[in-house]
Amino acid sequence: MLIEVRTDGNIEGSEQFSNHVKALVYTALGQFDDRIRRVDVHLSDAIGNKPGHDDKCCMIEARRGGREPLS
């Protein structure tokens, strides 16, 4: 299972951060490794540099062999 992490310009997507997100996703979905081909994680911060947690967004899309992706 390939796991890709993408961030917008308002979130610092360091390699360490990306590896942490990948580990979390694999822990949650690893049992389906034989059925899920790829997982895309999209992280964004709508307000940017203003403080707060209500403006964060995470969208996860799982691609399964021969089927439509799930979001």
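In this predicted model, three strands form an open sheet with the order 1-2-3 and mixed pairing. Strand 1 (2–7) and strand 3 (56–64) stand at the edges of the sheet, and each has a single partner strand, so one side of each is left without a neighbour in the sheet. From one strand to the next, the twist averages 15°.

Strand 1 and strand 2 run parallel and are joined by six bridges. Along this pair, Arg6 has His42 in strand 2 as its bridge partner, while Glu4 stands opposite Asp40 in strand 2. To get from strand 1 to strand 2, the chain passes through helix 1 (residues 15–29), and this β-α-β crossover is left-handed. On the other pairing, strand 2 and strand 3 run antiparallel, with nine bridges joining them. Here Arg38 stands opposite Arg63 in strand 3.

Is Asp40 buried or exposed? Its relative accessible area is 5%, and because buried means under 20%, Asp40 counts as buried. Leaving aside residues up to four places away in sequence, Asp40 touches Glu4, Arg6, Met59, Ile60, Glu61 and Arg63.

Definitions and conventions: Residues are numbered from 1 along each chain as its sequence is written. This is a predicted model: local features need pLDDT of at least 70, side-chain atom pairs count only at pLDDT 80 or more; totals for chains, interfaces and linings use all residues. Side-chain values use heavy atoms; hydrogens and water are left out. Buried means under 20% relative accessible area, exposed over 50%, partly exposed in between (1.4 Å probe, protein chains only). Contact means heavy atoms within 4.5 Å. Two strands pair if DSSP finds at least two bridges between them. Helices (H or I, at least four residues) and strands (E, at least two) are DSSP runs, numbered from the N terminus. Axes are lines fitted to C-alpha atoms, for helices over the stretch in contact, and angles run from 0 to 180 degrees between N-to-C directions. A crossover is right-handed if, with the strands pointing away from the viewer, the path from the first strand over the helix to the second runs clockwise.
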